Amino acid sequence: MQTVVTGMVLFAAPNGESDKRVVILTKERGKITAFARGARRPNSSLLAATNPFAFGTFSVYEGKTAYTLVHAQITNYFRELAASLEEAYYGFYFLELAGYYGQENEDGTQLLKLLYQSLRALMNPHLDNRLVRAVFELKSMVIQGEYPQMFECVSCKKTEKLSKFVLEKNGVLCEDCCKGRMDGISLTDSVLYTFQYVIAAPPEKLYTFTLTEETLRDFQRIMKKLCRQYQDRNFQSLEVLEEMSSLQGRHLNV
């Protein structure tokens, strides 16, 4: 039976002489694997549709262990990302992270929305890519239900005077509860509000603000610790970004 799903290609690889294997994050079925016969042939209608970043609708037949892709109608290829190597690899990192968090046979609507909006944000010259990355990482965690408590003290449940993030507590402590503690990261109101906003806002409203350099660095600092805490793998695209930073002799804060 043929099914039409809305999604984005996260990964593509050759399969045999002329076919492709693709991983697609879909709204209806979550992350799926599909095989596209003849997709590597120059005259194939699926040639461009089976590349990473391709977003649209995909007609598939469901098999026992995978799907067969027979038709696609692509509405956005995100070709603008190719204009900047740095932005392209941020985009590849987002695809990798979406693949890491995406699950088969689950509703992928929120993760797909987040991925789409985040790729669009990368192309916005008024937004810092470091901010887009940190927001994408945090919201991905939120969608999976695995994120820190940033709205109340994890010890006494107070919602006022939240002043320190403690990784071991997976959340924030108020001024009274963090007295005498040497661990943790002190929070400014701006950093705390950033976390609260990203956690609560829908994907389409995420990229409506900018941060000062100091606030962004503090936000990044906590996010790096959270990623190490929650993620059990390395991402190849992130390693490339770090290598690019080293070769260019400038700090991308990746």
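Tutor: Two strands are said to pair if DSSP finds at least two bridges between them. Helices (H or I, at least four residues) and strands (E, at least two) are themselves DSSP runs, numbered from the N terminus. This is a predicted model, in which local features need pLDDT of at least 70 and side-chain atom pairs count only at pLDDT 80 or more, while totals for chains, interfaces and linings use all residues. Residues are numbered from 1 along each chain as its sequence is written, and side-chain values use heavy atoms, with hydrogens and water left out.

Student: In what sense do β6 and strand β7 pair, and over how many bridges?

Tutor: Strands of a sheet pair through backbone hydrogen bonds, either parallel or antiparallel. Here β6 (residues 162-166) and β7 (residues 171-174) pair in the antiparallel sense over four bridges. Within this pairing, L162 stands opposite C174. The hairpin that the two strands form has four residues between them, and N170 takes a positive phi near 55° there.

Student: With which residue of β8 does F165 stand opposite?

Tutor: F165 faces I185 in β8. Strand β8 (residues 185-186) pairs with β6 in the antiparallel sense over two bridges.

Student: How many residues of β6 are buried?

Tutor: Buried means under 20% relative accessible area, exposed means over 50%, and partly exposed lies in between (1.4 Å probe, protein chains only). By that rule, five of the five residues of β6 are buried, and the strand is mostly covered.

Student: Which strands make up the closed barrel, and in what order?

Tutor: The barrel has five strands, running β1-β2-β3-β5-β4, with mixed pairing. Its twist averages 50° from one strand to the next. For such angles, axes are lines fitted to C-alpha atoms, for helices over the stretch in contact, and the values run from 0 to 180 degrees between N-to-C directions.

Student: Which strands does helix α2 touch?

Tutor: Contact means heavy atoms within 4.5 Å. Helix α2 (residues 109-122) packs on the sheet and touches β1, β2, β4 (55-62) and β5 (67-76), its direction making about 60° with that of β1. Helix α1 (residues 85-101) lies across β1, β2 and β3 (30-36), at about 115° to β1.

Student: What should I look for in the backbone of the loops?

Tutor: Most residues other than glycine have a negative phi, and most peptide bonds are trans. N105, although not a glycine, has a positive phi of about 60°. N105 is in the loop between α1 and α2 and is exposed, with a relative accessible area of 60%. K157, also not a glycine, has a positive phi of about 75° and is found in the loop between α3 (129-143) and β6.

Student: With which side chain does that of D128 make a polar contact?

Tutor: A polar contact is a pair of N or O atoms within 3.5 Å; within protein, one must be able to donate a hydrogen and the other to accept it, and residues adjacent in sequence count only if both atoms are side-chain atoms. The side chain of D128 makes such a contact with that of R130, at 2.7 Å. D128 is in the loop between α2 and α3 and is partly exposed, at 29% relative accessible area. R130 is in helix α3 and counts as buried, because its relative accessibility is 9%.
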